[in-house]
Amino acid sequence: MLRKASYKLRVTRREALCVHDEPDHTLMLVELEGEPIDYTPGVAGEFLSRRSVNFHDRTKGSGSMQGYAMTHFQYGSVYSRYEGQRDGKSKTTKGTWKTYRGTGKLATIKGEGTFTVTSGQVPNEFILDMEGEYEL
């Protein structure tokens with residue numbers, strides 16, 4: 001089944017370390033919480049919460065990222081792993097996601113797809129657009 005969703009993400013914690021091997025090279029651990037912008041309830045019911053933890057390796061604003069997301073619904077949860085690449089000029093991150101566990105009505109979920117993250121309207125806010133296929 002094809003599924004699309006959009007979330008507004010807010011940074012709740014960020015730790016950054018300078019690598020010092022070249023100018024503007026940092027490693028960051030970032031925690032975000034999200035809420036749906038465009039979401040249609042599915043078999044697991046209403047959205048409850050979304051939390052993600054990301055690791056970024058950036059030089060001058062560009063670089064790789066990877067992380068985990070936990071999304072909880074009324075009748076189940078889904079856990080996903082993702083990885084992507086951020087372009088410092090456009091400030092856009094694009095990548096792929098894949099589920100690795102589900103609970104409740106989502107216990108047998110298998111899914112994967114793509115995502116794009118862009119800057120939001122205020123500092124520490126981002127817009128996540130995702131799409132993909134999943135089966136239960």
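Two strands pair if DSSP finds at least two bridges between them. The views below come from a predicted model.

**View 1. The β4–β5 hairpin.** Strand β4 (residues 62-73) and strand β5 (residues 76-87) run antiparallel and are joined by 11 bridges. Between the two strands of this hairpin there are 2 residues. H72 has S77 of β5 as its bridge partner.

**View 2. The β5–β6 hairpin.** β5 also pairs with β6, in the antiparallel sense, over 12 bridges. V78 has G102 in β6 as its bridge partner. Here 4 residues lie between the strands of the hairpin, and K91 in the turn has a positive phi of about 55°.

View 3. T92 belongs to strand β6 (residues 92-104). Its relative accessible area is 16%, so T92 is buried, the cut-off for buried being under 20%. With neighbours within four places in sequence left aside, T92 is in contact with Q85, R86 and D87, and also with T116, V117 and T118.

**View 4. The loop between β1 and β2.** H20 lies in the loop between β1 (2-18) and β2 (25-38), and D24 is found in this loop as well. Most residues other than glycine have a negative phi. H20, although not a glycine, has a positive phi of about 70°. D24 is likewise a residue other than glycine with a positive phi, near 60°. H20 has a relative accessible area of 70% and is therefore exposed; D24, at 54% relative accessibility, also counts as exposed, because exposed means over 50%.

Conventions: Residues numbered from 1 in each chain as written. Predicted model: local features only at pLDDT ≥ 70, side-chain atom pairs only at ≥ 80, totals over all residues. Heavy atoms only, no water. Buried < 20%, exposed > 50% of the residue type's maximum accessible area, 1.4 Å probe, protein only. Contact = heavy atoms within 4.5 Å.
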